[in-house]
Number of protein chains: 2
Amino acid sequence: MANEKKFVESITSRDEDFAEWYTDIVKEAKLCDYSSVKGCLNYLPNGYAIWENIQKDLDKRFKKTGVQNVYLPMLIPENLLQKEKDHIEGFAPEVAWVTQGGGETLEEKFCIRPTSETLFCDHWQKVVKSYRDLPLVWNQWNSVFRWEKTTRPFLRSREFLWQEGHTLHATKEEAEERTKMMFQVYKDFVQEDLAIPLVSGKKTESEKFAGAEDTYTIEALMHDGKALQSGTSHFFGNAFPDSFGIKYLDKENKLHSAYETSWGMSTRIIGAIIMVHGDDSGLVLPPRIAPTQTMIIPIAQHKEGVLEKAQELLERLQKKKIRTKLDDSDKTPGYKFSEQEMLGIPTRIEIGPKDIENNQAVIVRRDNKEKIIVKLEELEDTLENTLEQIQKDMFKKAKDFLEEHIYEAKDMEEMKKLAKEKIGFIKANWCGEKDCEAEIKAETEGFGSRCIDESAKVEGKCVHCEKDAKYKVFWGKSY
Amino acid sequence: MANEKKFVESITSRDEDFAEWYTDIVKEAKLCDYSSVKGCLNYLPNGYAIWENIQKDLDKRFKKTGVQNVYLPMLIPENLLQKEKDHIEGFAPEVAWVTQGGGETLEEKFCIRPTSETLFCDHWQKVVKSYRDLPLVWNQWNSVFRWEKTTRPFLRSREFLWQEGHTLHATKEEAEERTKMMFQVYKDFVQEDLAIPLVSGKKTESEKFAGAEDTYTIEALMHDGKALQSGTSHFFGNAFPDSFGIKYLDKENKLHSAYETSWGMSTRIIGAIIMVHGDDSGLVLPPRIAPTQTMIIPIAQHKEGVLEKAQELLERLQKKKIRTKLDDSDKTPGYKFSEQEMLGIPTRIEIGPKDIENNQAVIVRRDNKEKIIVKLEELEDTLENTLEQIQKDMFKKAKDFLEEHIYEAKDMEEMKKLAKEKIGFIKANWCGEKDCEAEIKAETEGFGSRCIDESAKVEGKCVHCEKDAKYKVFWGKSY
């Protein structure tokens, strides 16, 4: 049967060629593909379903902290984009411009939003008058557009899906607190729901967002040792609000500047899920985020009673809110196993005539391929526990990998050696000077500053120059 | 207190000036406002929360029928848009064109999608090979852009939010069945969840979607007697798939054309909710779709025990999954009542010292302002029943209004008289000729064909000419 080749045969081995392996998984699991629109993706059902679950879980976490969702336009008039100096410098080279509309050439062109700080500030300038109008804690789920030259599925594309939160506050303290709160929301979500351990902290001056005072980042370590920036939370101070003339009256009728934050997470995170958890059989999805948590695969399904029993189990599990599907197609069980593994479905349930005779089924874990024989009356409980255990074990495994790949360097010689021989992060002291930062990256062939380790006590000299160190920094190669 | 003017004083009476009333409600309930991007809206928290509930409910209905969500790019290359002749003719005048990107003038320009048939077909052409690949039943929640000249909140704006479903099938029968299935999903959703009764059926030839063979529409009657097209489902035959070269091999290895459908509902429907249910006190939201279903308003909240009791009720109702909020701000109860009414929250609960003494609370219905005194231990049950009753009563009231405003005309004289004196729909026979259709509209000053009444037996002559009637049509003015 032409269709019967095992999926695993169609993907490159992960350790042989990581980039090829990644591309193969995206393709074979039908997560997304390139569209005819250069640099843009089609997010296909299997990939989009993961994003829907991410949206659902993350949105719930946002709303618990008081976030309200909104939707602002996809276009930004040129004059608005130009209002904040650093911001326009950061984004102007990579925007797409609409210059014609309704059959006419426009007097003022519009860019497709690369991000929406300017639109939020423009709206707030009109509606914020008094302290009673603050805080505003808003978010939108949308797509943005940046004219990237090189693209990779989920990791970098011209149009991508994300959420962008934007908030406005009466005081600096409150805005800083919100910046850190959303940073924490991202950390909790990624670690708890996606089972991805993190290194996190502030970005250095040269790596922060265009126009921000502080950028907090979460960085995940991919299996090839490269870091992936997975979510950022920015404190803007009042630079943006001031550029837009946003002022509010306090209780004593005095005029004040307002303080702004923004924070975002995108479909990049799906790339992280693939590259942290995936293996040579395909995708491995953490149970909490998996669109399907278990696939029932009947064995010898033409035999009497097998499909009926499989159907019965399906209904029982769905009643327990376990996201379950039954594969009763005419493919062989072997093909079905391979497909379920490729798609990263966390468990499968095998049930055949012999199992029915013995009043049992077999649960097979996707993460470690362990088989668990279970009495049919205990199926729900055992499966629920197994899914929880998989979530924990996946996090543990990834955390061990992360910790094994954090090195520490005292001087440049050691740093260059580590950069050459190891993959992962290198922790090293830094003086805070841009030139040193750039030279460290150049001399290590790509180990840039990923974030500042704020928990570390900083003592001694910069790894590169003779000056006293101000920061302990995680250095790494990145996507 | 400056803030204490009642909301009701700030809105125009509905019967005095319907258009002004509508604009006032949108503004005072803070549903959306015009952004600095001409013709585009900011969907604000109160308006967007309604859309989120619509998405949740409608998406659940879609998925029950096997729909999978995807996301395709927002841009369409010019050559793709041109592949289907009727389609490009319909949309070319009203698109926005991207002509510059990444600092350069583009060789081929892109339009911002006005709808995505072309992108779906382009993708399908690449992936569909055999009958095994069909059907494809996809949907996306996104925004589209049409360069409208005149705009109104929710009803017509250059960018608007919607869902667009696109499906591809092996046979004509299956595609026709899907077209009707989604038409039915819209009917059920709008009537059951939004409490809006409908007139529905096929569009005439001249009113159908650019490129479609059949368009099914649901039409709601606004309080001013105008119809609002609220959702459409299109059968495309194989014109689109053929233009894109989509062919599939059947079981006997023979090559076939495929059949396509699409169907959409947009944020327009929020306009329908406002204009069907709203009154002079503001918005009236059906309980099923209301972001907040009940607002607890404490009376004399400074008195001992009042806020504690209100808080206790809040927790009890939230535990029952009733979407409840507590307004414990320092505004007066009168202001809070007025605000809750403006926002259309279906019920409020008044609780003061006297109520607590009597172990009771007062539920006030938004739709008819009826007060219900309830023992505290019966609060959950009574409130749940009340919310259900409101949903039913709102539908009944709107249905009575609709039925009272459907007239029937035998000839043009009667039709012109009705068009002049009445508001609503006029049912009348039609021969099926475009010229007659246009002349009927002209002679009645705007009563265009809204849809064909498919349940009606057609006998007699066309209302306009001497030919035999082919259809019974609902004629009406429309938004």
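Which residue of β5(B) does Ala96(A) stand opposite? The legends below take up this question for a predicted model.

**View 1. Strand β5 of chain A pairs with strand β5 of chain B.** Ala96(A) stands opposite Gly101(B). Gly101(B) lies in β5(B). The strands β5(A) and β5(B) run antiparallel. They are joined by 5 bridges. In chain B, strand β5 covers residues 96–101.

**View 2. A rotation of 180° carries chain A onto chain B.** The shift along the rotation axis is 0.0 Å. The superposition gives an RMSD of 0.0 Å. The two copies are thus related as by a two-fold rotation axis. Look for Val98(A) beside this axis: in chain A, its C-alpha is the nearest to the axis, at 2.0 Å.

**View 3. Chain A and chain B are in contact.** On one side, 38 residues of chain A take part; on the other, 39 residues of chain B. Several elements of chain A give two or more residues to the side that touches chain B. Among them are the helices α2 (45–64) and α5 (117–127). The strands include β2 (41–43), β3 (68–69), β4 (75–77) and β8 (159–169). β5(A) gives the most, with 6 residues.

**View 4. The side of chain A that touches chain B holds nonpolar, polar and charged residues.** Here 22 residues are nonpolar. Another 12 are polar, and 4 are charged.

**View 5. The copies meet through the same surface.**

Methods
Residues are numbered from 1 along each chain as its sequence is written. Chains are lettered from A and ligands numbered from 1 in the order in which they are written. This is a predicted model: local features need pLDDT of at least 70, side-chain atom pairs count only at pLDDT 80 or more; totals for chains, interfaces and linings use all residues. Copies are superposed by least squares on the C-alpha atoms of residues with pLDDT of at least 70 in both. Two residues are in contact if their C-beta atoms, placed from the backbone, lie within 7 Å. Helices (H or I, at least four residues) and strands (E, at least two) are DSSP runs, numbered from the N terminus. Ala, Val, Leu, Ile, Met, Phe, Trp, Tyr, Cys and Pro count as nonpolar, Asp, Glu, Lys and Arg as charged, and the others, Gly among them, as polar. Two strands pair if DSSP finds at least two bridges between them.
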